[in-house]
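Thanks for coming. I will take a few minutes to walk through one structure, and you can follow along on the screen.

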Amino acid sequence: MSAPAAVHAPSPDTGTATAARPAPGRACLALARVEAVRLARHPAVLVGIAAYLIPWGYSWATQGPAGRFPVLQDSDRGTQIRLLPLALATLLAANLATLRPVQNGTQPLLDVLVLPSRHRAAAMLAALVPIGLIAAALVGARIAVLAARPGASGAPSAFELACGPAMVLLLGALGVLLGELFRSPAVAPLASVVLAVLILAALLPGRLADSSAQWLLPLASRPDGSPPLPAGLLGRPAGWHLAYLVGLTALLVAAVLAVSRGRGAALGTVAAGGLALTVAAGVLQLRSPSGDLMMARSEATYQPASRQTCEHRGTLAYCVFPAFTPQIAGWDGVVHGILRRTPPEVMKQPWTIRQRVWAISAQSGGGLAPEVPAAQWRADDLRHGTPGAVPVATNWNDDDSVLGLAGQLAYRVVLGANVTAPTGATVVCEARGALMIWLAGQATARSRHGLDSRVSGSTGGVTIPTGGFDSGYDIPTRALTLGLRMLAQPADVIADRVLRSWPELTAAGTTFERVGALLGVEVPPADQDGVCP
Amino acid sequence: MTGLRITRSLVGPTLRATRQIPLLVGATLAAALVVAPAAGGTDLDVGSWAGLLRFAAMIAALGVTFVLDDPSAATTSVLPVSRALRYALRVAVAVPASVLGWLAAATAGHQVAVSHVSTPLRLPALTLEAATIFVLAVAITVGVARLRPDGSIGVVAAPVYLIVVGALYALPGRAALFVATTSAQWDEVHQIWGLLLIVSTSAAFLLAREPASRRRRGHPRVGNQTIRSDDPRVNAIS
C-alpha cells in the first residue's frame, strides 16, 4: 500500500496561495451541479413534479373538461397554480440543502475549506436554476399539448407562462435565505404553509380575491370556472407581475449573498436593481384598469356585435370574439342536432349564434353576472341585422355550456326567432317547456349529459343557463318530467310525432294531457308547487 | 417505581426538552389566520370562513411534527421507559398549544358566523377535521421517528405531513374530503373523517410501540443460542 500523496493546502496568509488556489468560479459551478442533481432528486421536489403531472394525467384518463376546447389565454395562468406544489417543495428542499451542514454537524469543517461561504451560497442559488428549467419545461409541455388539441382557441401570454417558473425560483431562493438566517428546520415548513395558505386564501371569494392586493403574492390567478374573456379584455398586469417576481428574486439573492458574507459593488447593484424593480413593478401592477379597458369590457358585455366576426354556414351565422373561431366546430353539432328535429320553415330561418360574455368585474373580468342584459342585447342585435341571436358562452369545455346553447336555441325555436333573451324570471310552462327539454337533451350526448347534471343538482324543475351568465329560464317540475320521459323514448319515433304536431306543441296553452295524447307519453301528475297552472 | 411515578417524574424534563417554538408559532399563526380577518371585519361567506378554519387546523398541527425531535435519542432510547410513554408525554406537551390555537380560531369564526353569516359554520364537524389532522400529524411524526434513530425527526416529518395534507386537500370530485359546508355529502364525508381519525389514532399507537427487533432482543443471543439466566427474576426483567 503506497503512502498517500502529500497535500499542500495553500495558506491564505501567504502570497503564493493566490496562485495555488483553484478558481472559485469553477468550484462554485461544480458544487452547483452536485446540489442541482440532489435538489432534482429530492423526494419533496419529485412529489411537486408529480403534483403537477397527476391532475393532468387524471384529466386525460377521465377525458375531463380541462383538456376540451381549451382557451389558451386562460390555460396559460392555469399552469401557475399547478406549479405551486413544486414551488413550495423547492422552498423546502433548498432549505434542507442549506441546513444540511448544520444537521450533519459539518458546519465547522466547511469553514476551513478554500471555497468561501458566499460561493457555497451562490452555488446553492445556482442549483435552483435547473429546477426553474424543469418547471418551465412542465409549463411548456402543458401548453403545447393544449394548443395541439382540436378546438383550442386564443393565444397564451408568454408573461403568464413565465410567472410559474419565476415563482419556483423565487420560493427556492426564499428557502435558501431562510436556511442562511435560521438554523431551525421548522422555519421553512411554517413559511411554506403560511405562503400556501395566503395564496389559497386569496383565491377564496371575498375582499382579497376582488382586490388588486393579491398581485403582491407570488401567485395571482383567479379561480377557474368563470367563462374566459377575449385576450384584449383580460387586463392582467402579467408582465409587471413577472418583473415584480424577478425583482423579488434578485432581492432575495442579494440577501442570501449578504448574509453569507458576500461583499462588493456587484452585490450592491443586484440589491439596488432588485429593490427598484420590485417597487416599480409592484406599484405598476396594482394600477386600476384603464378607462379604455373598462369601456371595451362594457361594450363586449352589452354590445358585443361590433367586436365580433361572423362565419356564415348556409343560413346559419356563428359570431365569435376574435380567436374563438375553433369553438364553432363544437357549436355546429348542437345547432344541427336541434334544427333537424324542426319543420323546414323553422330550419331554414337565418339563425345566428352569438358569443356572450360578462366582462364587468373589479379585477380580472371574471365572475358570474347577476342578470342577463336582454334589452341591450336585443338593440345591439337589431342594429347588426341579427335579431334573436342565440347566446353561447365563451367556454365550450363543460357540458353545462353545451346545454346552455342547446337550451337557448330550443327556447327560440319553440317561441319564435324574434323573442327576447330569457331573463332570470322567465318560466316556461306546459307543452312548450317539455318540448324545449326534449330538443335540448337530444341534441348531442354532451347536451344530454349537461341536462342530467343540472337535473340531479336541482330540485323542483331545472334552470337552463344563458351562456356565460348565472341566470336563464326555468322549466318547472311537471314540464321537466314530461321532457325527460320524451327523452327516454326512441328519439326518431318521438321526433316524427313532434314534427307532425309541431304547431300545436309550440302553441301557448297546449295542456300536458294533450301532449301526452299526441306523443304517446305518460303524463306526470300535476305540480305541487303551483308555479304553472 | 410505579408507572405513575415514572410518568410524573418525566413530565418536567419532557416539557423542558420538547421543541416548543414551532408549536407556539404554529398555534399563533393558526389563531391569527382567523382572528385577524374576523377582527378586521373582512366580508367572507361561510365557505371561506370554513376554509380559513381548515387552514388554521393544518398550520396548528404542523408544529406537532417537531415535538419528537430529540438530540439525545441515542441515550433516551435505552431508558427503562417505553417509547410509547415517552412519545405520549411529548405529544401531550403539544396538545394545549394546538387546542388553544384552534379554540381561538374557532371562537373567532363562530362569532363572525353568528353575527354576519346566515348559514351555519358547522363547527363540530370542522373540529372533527382539525382533530383528525392533528392525530394524522402525530401518526406521521411517530412513523418517521422509527426511521430516524438520530432524533432529527421534524426535518422529515414536517415535509411528509405537508405532502399528505396537501394531497388530502387536493382530492378531486367524489373523493374530496374538504367539501363545501353546503355540500349534500357533508355527513357522509364526515363519517370518513371519523374513520380517518380512528385509523390515524390506531396507526399512531401501533407505530409508537418499540420496534419488533428491539422487543425480540429481550434476551441476549450468541449465534442461535438465547442466553437465559438461571434466576427467573433476571429473565423477567428483560
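Predicted model: local features only at pLDDT ≥ 70, side-chain atom pairs only at ≥ 80, totals over all residues.

A residue is called buried here when its relative accessible area is under 20%, exposed when that area is over 50%, and partly exposed in between.

First, the cysteines. Over all chains, the structure holds one disulfide. Its partners are A:C310 and A:C319, with a distance of 2.0 Å from S to S. The angle about the S-S bond is 105°, and the link is right-handed. How exposed is A:C319, in terms of relative accessible area? The value is 0%, so A:C319 is buried. A:C310, on the other hand, has 36% relative accessibility and therefore counts as partly exposed. A:C28 has 12% relative accessibility, so A:C28 counts as buried. A:C163, at 3%, counts as buried too.

Next, the place where the two chains meet. On one side, 21 residues of chain A are in contact, and on the other, 25 residues of chain B. About 1,900 Å² is buried between chain A and chain B, and carbon and sulfur atoms give 82% of that area. What about salt bridges across this interface: how many does the rule find? The count is zero. On the side of chain A that touches chain B, the elements giving two or more residues are helix 3 (43-61), helix 4 (72-104) and helix 9 (187-203). Helix 9 of chain A gives the most, with eight residues. By type, the residues on this side of chain A are 16 nonpolar, four polar and one charged.

A word on chain B itself. Chain B has 10 helices and two strands. Reading from the N terminus, the order is α-α-α-α-α-α-α-α-α-β-β-α. Chain B has 238 residues, and 47% of them count as buried. Take the contacts in chain B between residues at least 6 apart in sequence: 76% of these join residues at least 24 apart.

Last, the salt bridges. Side chains of opposite charge can pair when their charged atoms come close. Over all chains, the rule gives 19 salt bridges, and I will show three of them.

One is between A:R77 and A:D74, at 2.9 Å from N to O. Both residues lie in helix 4 of chain A, three residues apart, which means they are separated by about one helical turn. A:R77 and A:D74 are both buried.

Another joins the side chains of A:E160 and A:R236, at 2.5 Å from N to O. This pair links distant parts of the chain, 76 residues apart: A:E160 sits in helix 8 of chain A, and A:R236 in the loop between helix 11 and helix 12. Both A:E160 and A:R236 are buried.

The remaining example is A:E504 with A:R514, where the closest N and O atoms are 2.5 Å apart. A:E504 belongs to helix 23 of chain A and A:R514 to helix 24, 10 residues apart. Are these two buried or partly exposed? A:E504, at 31% relative accessibility, counts as partly exposed, and A:R514 is partly exposed with 37%.

Finally, A:R68, A:D399 and A:R446 are joined into one network by salt bridges that share partners.

Note on methods:
Residues numbered from 1 in each chain as written. Chains lettered and ligands numbered in written order. Heavy atoms only, no water. Disulfide = S-S within 2.5 Å. Buried < 20%, exposed > 50% of the residue type's maximum accessible area, 1.4 Å probe, protein only. Contact = heavy atoms within 4.5 Å. Buried area = accessible area lost by both parts, 1.4 Å probe. Salt bridge = Lys/Arg side-chain N within 4 Å of Asp/Glu carboxyl O. Helix = DSSP H or I, 4+ residues; strand = E, 2+ residues; numbered from the N terminus. Nonpolar A, V, L, I, M, F, W, Y, C, P; charged D, E, K, R; others polar.
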